[in-house]
Amino acid sequence: MKTAVIKFPGTTCDCDVLKALREAKVDSEIVSYKSFDPDKYEAVIIPGGFSFGDYLRAGSIAASTETMKKIKEMANNGKIVLGICNGFQILVESGILKGALLPNLNLRFISKWVYVKVVKSSYLTKGLENKVLRLPIAHAEGRYYINDIEEAKNLALFQYSDEKGNVLEKYNPNGSLLNIAGISNEEGNVIGLMPHPERASFKETSIDSTTDGLLLLRGLK
Ligand SMILES: NC(=O)CC[C@H](N)C(=O)O
């Protein structure tokens, strides 16, 4: 699937995402937010980083760009949209995904390996339901919140858990509602998650040689 990896000023994870996508055999390239042509792609990834310096709130300035209008249209047309970390923040700031990403409860930047349980099917989690993935997080504003608990349950795609998939508050690194680490829209074609699959795609740079990130990225093949 022809996939664009969008680069905003302050995006830092574009090269890592591209490398992981190529490892997953996904036809992909990095595209500047200034010259993005949505008609050329079937899928788009908004990678992590600090777009526009995270000024105001993480993701809020990128959310108001023309590029995000184009990505909203792609989402509405059923194309695949994936936001990773800052990309997830941009998707909620632009209203393409519901809810908000608030500062972590401890008001600190948290960088650690976590386990997340896949709690529903979506375009990228077909066949991975109930599996536990080991992925790293690295963020200051990752506390998922939405004002309606029932809606949160429906949106939840990944929940912080232990390695066996027990979703308990003690495994919640940032205070997210219902331990939510990622969500998808109802159709399952728009996905946002705080953990970084691209950082769990190479044995050499992963913890315990895990390549769980590839399980998700291969869905874009
Ligand atoms: N890893 C990322 O994408 C970065 C972090 C994000 N902008 C934050 O600190 O919340």
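Colleague: Which residue of β2 stands opposite Ala4?

Modeller: Ala4 stands opposite Glu29 in β2. This is a predicted model, in which local features need pLDDT of at least 70 and side-chain atom pairs count only at pLDDT 80 or more, while totals for chains, interfaces and linings use all residues. Residues are numbered from 1 along each chain as its sequence is written.

Colleague: Why are β1 and β2 said to be joined, and in which sense do they run?

Modeller: Strands are DSSP runs of E with at least two residues, helices are runs of H or I with at least four, and both are numbered from the N terminus. Two strands pair if DSSP finds at least two bridges between them. β1 and β2 have 5 bridges and therefore pair; they run parallel.

Colleague: What makes β2 an edge strand?

Modeller: The open sheet has 9 strands in the order β2-β1-β3-β4-β11-β10-β9-β6-β7, with mixed pairing. β2 (28–32) and β7 (132–139) are the edge strands, each pairing on one side only. Within the sheet, β6 (110–118) and β9 (156–161) pair in the antiparallel sense over 4 bridges, and Val118 stands opposite Phe158 in β9.

Colleague: Why is β1 called mostly covered?

Modeller: A residue is buried if 20 or more other C-beta atoms, placed from the backbone, lie within 10 Å of its own, exposed if 12 or fewer do, and partly exposed in between. In β1, 5 of its 5 residues are buried. Thr3, Val5 and Lys7 point one way, and Ala4 and Ile6 the other. In a regular strand the side chains alternate between the two faces of the sheet.

Colleague: Why is Lys25 called exposed?

Modeller: Lys25 has 12 other C-beta atoms within 10 Å, and the limit is 12 or fewer, so Lys25 qualifies as exposed. Lys25 lies in the loop between α1 (14–23) and β2, and has a positive phi of about 65 degrees although it is not a glycine.

Colleague: Which residues does Val81 touch?

Modeller: Contact requires C-beta atoms, placed from the backbone, within 7 Å. Not counting residues up to four places away in sequence, Val81 touches Val44, Ile71, Met74, Ala75, Ile96, Asn189 and Val190.

How values were computed
Two residues are in contact if their C-beta atoms, placed from the backbone, lie within 7 Å.
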